[in-house]
Amino acid sequence: LMTGNDVGALLLNYLLTRKTELGTLPHSPVAVKTIVSTNLVNFIAKDFGCTLKEVLTGFRFIGEQIAILEQKGEADRYVLGFEESYGYLAGGYVRDKDAVVASMLICEMCSYYKSKGMTLVDTLNSLYNKYGFMHNCQKSIVCEGMDGMDKMAASMNNLRENPPKEIGGSRVIKIMDYKTSLSTDIKTLKTEEIDMPKSNVLSYYMENGSQTLVRPSGTEPKIKIYIMSIGENLESAKAVSEKITDDMTKLLNL
């Protein structure tokens with residue numbers, strides 16, 4: 001079973017590859033992903049000279065980026081927008097995830113790689129071999145009851161007041177707090193502003209290249225932990241994910 005992140009990476013790689021071959025790739029192409037979606041696409045986009053914009057969780061923020069390009073008369077630069085929860089949009093015809101376009105693109109992609117004697121699994125493995133083995137997963141901690149929201153708020157406050165120095169056996173090197181709109185380099189303590197709307201999200205970057213984000217759900221009584229780990233192979237990357245999940249669960253203390 002391929003995750004929403006796997007399919008998003010495959011689609012971006014396919015679109016950029018095929019448009020390059022056909023000579024239809026726009027000048028300064030733009031792709032968009034949510035902050036909780038795989039970092040594998042960062043490497044793919046860089047290889048093709050594609051600008052990758054990150055936005056908050058929610059497809060409306062991806063649609064907003066298309067509108068911004070449209071206002072500049074540059075809507076044709078938009079290639080793909082996606083989120084890890086199986087949401088994709090190619091082309092600026094609509095401003096929301098479009099399963100019809102995505103389904104057709106996936107069929108087209110399958111056909112293209114089949115003509116080269118490859119399956120989508122082969123293609124995904126080729127991306128891992130080229131850019132590094134990455135594992136993405138999510139864990140939700142349910143906080144039901146009258147005091148559920150208070151518990152979640154207390155956990156997030158505790159993380160802000162007592163930032164972890166190490167997660168999953170690797171040192172934390174950068175913390176991004178989307179509520180204060182500040183990104184902090186732990187080594188230098190230098191801070192930079194995050195150019196996004198404020199949101200109750202914390203993101204931690206580790207020395208080994210892994211990342212984890214935590215945020216309360218906007219629609220359910222639960223806190224969501226997103227893990228993006230990296231390893232020498234998929235097995236080691238999954239092992240790192242498990243360590244990060246364990247540590248974040250303990251840190252939240254819910």
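Two exercises on this structure follow, each with a worked solution.

The model is predicted: local features need pLDDT of at least 70, side-chain atom pairs count only at pLDDT 80 or more, and totals for chains, interfaces and linings use all residues. Residues are numbered from 1 along each chain as its sequence is written, and side-chain values use heavy atoms, with hydrogens and water left out.

**Exercise 1.** Work out which residues of helix α4 are buried and what covers them.

*Solution.*
- Step 1. Locate the helix. α4 spans residues 99–114. Helices are DSSP runs (H or I, at least four residues), numbered from the N terminus.
- Step 2. Sort by accessibility. Buried means under 20% relative accessible area, exposed over 50% (1.4 Å probe, protein chains only). A102, L105, M109, Y112 and Y113 are buried.
- Step 3. Look down the axis. The buried residues of α4 fall within an arc of 85°, so they line one face of the helix. The arc is that of the directions from the helix axis to the C-beta atoms.
- Step 4. Turn to the face away from the buried side. There sit the exposed residues A99, V100, M104, C107 and K114.
- Step 5. Find the cover. It includes α1 (4–22), β4 (87–89) and α5 (120–131).

**Exercise 2.** Identify the residue that caps the N-terminal end of α4.

*Solution.*
- Step 1. Name the cap. D98 caps this end of α4.
- Step 2. Check the atoms. A side-chain oxygen of D98 lies 3.0 Å from the backbone nitrogen of V100.

Conventions. Helices (H or I, at least four residues) and strands (E, at least two) are DSSP runs, numbered from the N terminus. The expected span of a helix is 1.5 Å times one less than its number of residues. Contact means heavy atoms within 4.5 Å. A polar contact is a pair of N or O atoms within 3.5 Å; within protein, one must be able to donate a hydrogen and the other to accept it, and residues adjacent in sequence count only if both atoms are side-chain atoms.
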